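I opened my notebook to look at a new protein model today.

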Amino acid sequence: MSDGNYNRNLLPYKDYQSGVRAGRAQMKAQAMRAFENWYTEQYPSASPATTQAALRDFANYLH
């Protein structure tokens, strides 16, 4: 008779959490690329320093 832990021992440990973290990282990277594309289209005359500051500010909102 099984003790109830047999199948649980065959599963990878905390695989779901690492998948969630990887998905969040991918979504954050996509959001950053989308914002950068939008910003350069909306403000084509913005300096690179201004663009980087806007990207930094946007990244702070994603936390």
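**Entry 1: Confidence and layout**

I began with confidence, since this is a predicted model. The average pLDDT of the protein is 86, and 76% of the residues score at least 70. Where is confidence lowest, and where is it highest? I found the lowest mean, 64, in helix α1 (residues 6-10), while α3 has the highest, at 96.

Next I looked up the elements. The protein has three helices and zero strands, and I read their order from the N terminus as α-α-α.

**Entry 2: Surface**

I then checked how much of the chain is covered. Of the 63 residues, 10% count as buried. The protein exposes about 5700 Å², and I noted that carbon and sulfur atoms supply 54% of that area.

**Entry 3: The ring pairs**

Now for the part I was looking forward to. How many aromatic pairs does the structure hold? I got six. One of them is Phe35 with Tyr39, a tilted pair with 5.9 Å centre to centre and 35° between the planes. I reminded myself that planes under 30 degrees apart count as stacked and those over 60 as edge-to-face, so a pair with an angle between these limits is called tilted.

Why do these two residues sit about one helical turn apart? Phe35 and Tyr39 are both in helix α2 (residues 15-42), and they are four residues apart there, so about one helical turn separates them.

Phe35 is buried, with a relative accessible area of 16%. Tyr39 is buried too, with a value of 12%.

Phe35 lies in helix α2 and Phe58 in helix α3 (residues 48-61), so the pair ties together parts that are 23 residues apart in sequence.

Is Phe58 buried, exposed or partly exposed? With a relative accessible area of 22%, Phe58 is partly exposed.

**Entry 4: The cluster**

Last, I put the rings together. Which residues do the ring pairs link into a cluster? My list reads Phe35, Trp38, Tyr39, Tyr43 and Phe58.

Terms used. Residues are numbered from 1 along each chain as its sequence is written. This is a predicted model: local features need pLDDT of at least 70, side-chain atom pairs count only at pLDDT 80 or more; totals for chains, interfaces and linings use all residues. Side-chain values use heavy atoms; hydrogens and water are left out. Rings of Phe, Tyr and Trp (its six-membered ring) pair if their centres lie within 6.5 Å; planes under 30 degrees apart count as stacked, over 60 as edge-to-face and the rest as tilted. Buried means under 20% relative accessible area, exposed over 50%, partly exposed in between (1.4 Å probe, protein chains only). pLDDT is the predictor's confidence in each residue, from 0 to 100. Accessible areas come from the Shrake-Rupley method with a 1.4 Å probe; for residues, only the protein chains shown count as cover.
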